[in-house]
Each structure stands twice: as structure tokens, then as C-alpha cells.
Amino acid sequence: MSLQSSLVPPVTELRAYAPTADLAVSPLSSRRERAHPQAGTAPDNLRTEPGPVRFIIIALAITFLSVFVVLPLVVVFASAFSKGIGAYVAALAEPEAMAAIRLTLLVAAISVSLNLVFGVIAAWAIAKFDFAGKTFLITLIDLPFSVSPVISGLVFVLLFGAQGYFGTWLQAHDIHILFAVPGIALATIFVTFPFVARALIPLMQEQGTQEEEAAISLGASGLQTFFRVTLPNIKWGLLYGVLLCNARAMGEFGAVSVVSGHIRGETNTMPLLVEILYNEYQFVASFAIASLLAMLALITLVVKTVLERRLDEGQEPKD
């Protein structure tokens, strides 16, 4: 007998000692069962809290939202229609209310348009280029989030007021900034300019520069690259930022209150008119204007939810 045959046992002996298929699998399956005794019910394992605890948490969340969100909205609409639809429509048809609505829409259109241009340029520069002062620029964009709107309005008073830095020159040239549409627009632009830029910066950073570089290498100009490559990729983020910017512009109170002068029929926006009418005990008219702002908030919430879903899914909405 050779040395190899003495070291290797016969095939029949190997077969005799070889475990069956069931035995070969059972140790692994038994280990899996011991490690994950309920592997087939993974969603149940994620909810480790007992049922009563989950019920209490959900009930607290619903109660909080009902008291601080749903109930105020119900009170606004109930008070607006407390004397019927006729009184509601009559309150909105008042010349002072119509002037406030027109001014609010005008200021929102100006601020959103300018912030749209600024936000796209700022996001493009921050996401696509490296330059000195990039961190400082991001800090400046976030500045309105940390500064009180009242303080920002006061800054414009110090700049353009009668005793401000430019007040004498403005009066000499008969240019009106404060207590006029330009001052209201400037204050609104200041408090709303982070929204578009902040919505686009992370989106453009995630996309990188490969597609733009490929388009430029194929001979596309800068504008062609933006409108045909960059803009289609950021359109939902851009709409998201514009939506938030518009909602904040139409509902801004603090900064506008400082620079408007509260001239009735001229410089009162919708939020300012709500306060004035309420202080004059014109509750139906006050809540009628407030209901328009509330409806804007609800529409903004619905559209915001849809846009967030589109951004998460990365797909276009169906027609």
C-alpha cells in the first residue's frame, strides 16, 4: 500500500462519515434561529416599545398638533365666516383690504424674483467653485436666520431714515425709501433671501460638476450648459426654495412693520392690516384677511410636501 492510500481513507468511509444534507444545513439554520428567533417579523422587531407606550406617544403628538396648529386654523376660518359669506366677501372687497392684497402680491413678486436670481448665482458659486471667502459667503446667507426681523427693519431705518446715513441725500433728490414700496421690498428681500440659496446648495453639491464639464467639453456655452444641463437637474429644488421664499414674503410682519409707516391704503401689507383691523375691533374683516394668509399656508404645505416627495424620489410628477 502506498503512502498516499494510507493517508486518504476510502471513499466509502468518507461517505459513511459525511453528514446528510439536512444535517449539513441544520447547524447553520439553528444558529440563525438562535441569533434571530423572529427574523421573519423584522418590522415587529423595529417597534420595541410596548403598545401602551406607542399609543401615549401618538396621542400626545396628535393632541399637540390639534391644540397648536389645527385649532387656531379652525378659529380663524370660523371667525371669518361668523357673519356669513356676504360679510366675508364684503370685508375682502374693502378698498383698504384690496390695497393691502395688491401691495403684498407686489412685494412678494419683487422679493421672490430678486432672490431667485441671487439664490441661483450664490448656489452655483458655492457648489461649483472653490474660492477664498466661501465660508464667509455661506455665513452671510444664513445671517437672516439668526437676526430678528425687527432688527433688520431697524437697520434700514438707520440707513435710509431722515437721520440716517443716506437720509439727507435721499431727501435732497426726493427719493422715498422708507414708508414706501422700496423700503418694504428691501426689508422683505433681506429676510427671505436665504431660502432659494439654501434649497439649491446641497442639491447642486450632491450632483457635482461632471455633467457640466461634459457639456462644456462638447462645445456648449455657459448659458447652454445652465439651461440644458443644470436647470433640469435642480428644477424641483428651485421650485421648493421659491415656494418657501414666497410664503415668507407674503407673511412677513416684523421687518415690514418697522419700515412701512402703517399708512392706511398705501403701505399696509396683509399681516399689518390684520393687526390694525383687530385692534379696531373689526374682527370679521381682520379674520377674513387672516384666512387668506391661512389658505396660503395650507397651499404652501401641500405643495411643499409634493415637492419634497419629488426630490426624494428623483422623478417628475405625472400630468
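Biologist: Which residue forms a salt bridge with Asp130?

Modeller: A salt bridge is a side-chain nitrogen of Lys or Arg within 4 Å of a carboxyl oxygen of Asp or Glu. Here Lys134 pairs with Asp130, and their closest N and O atoms are 3.3 Å apart. The model is predicted: local features need pLDDT of at least 70, side-chain atom pairs count only at pLDDT 80 or more, and totals for chains, interfaces and linings use all residues. Residues are numbered from 1 along each chain as its sequence is written, and side-chain values use heavy atoms, with hydrogens and water left out.

Biologist: Is Lys134 buried or exposed?

Modeller: Buried means under 20% relative accessible area, exposed over 50%, and partly exposed in between, with a 1.4 Å probe and protein chains only. Lys134 has 18% relative accessibility, so Lys134 counts as buried. Asp130, at 74%, is exposed.

Biologist: How many salt bridges are there by this rule?

Modeller: The count is six. One of them joins Lys128 and Glu212, at 3.3 Å from N to O. Lys128 is in helix H7 and Glu212 in helix H13 (residues 210–217), 84 residues apart, and the pair links distant parts of the chain. Helices here are DSSP runs of H or I with at least four residues, numbered from the N terminus. Lys128 is buried at 13% relative accessibility, and Glu212 is buried at 8%.

Biologist: Which side chain meets Asp142 in a salt bridge?

Modeller: That of Arg198, at 2.8 Å from N to O. Asp142 lies in helix H8 and Arg198 in helix H12, so this pair ties together parts 56 residues apart in sequence. Asp142 is partly exposed at 23%, and Arg198 is partly exposed at 31%. Elsewhere, Glu96, Arg264 and Glu280 are linked in a network of salt bridges.

Biologist: What span does helix H12 reach from its first C-alpha to its last?

Modeller: The expected span of a helix is 1.5 Å times one less than its number of residues. H12 (residues 194–207) has 14 residues and reaches 20 Å, close to the 20 Å expected. Just after H12, Gly208 takes a positive phi of about 75°.

Biologist: Which helices do the buried residues of H12 pack against?

Modeller: An α-helix has 3.6 residues a turn, so residues three or four places apart point the same way. The buried residues of H12 include Val196, Leu200 and Leu203. Contact means heavy atoms within 4.5 Å. The buried residues of H12 pack against H7 (95–128), H8 (134–146), H11 (181–192) and H14 (222–251).

Note on methods:
Helix = DSSP H or I, 4+ residues; strand = E, 2+ residues; numbered from the N terminus.
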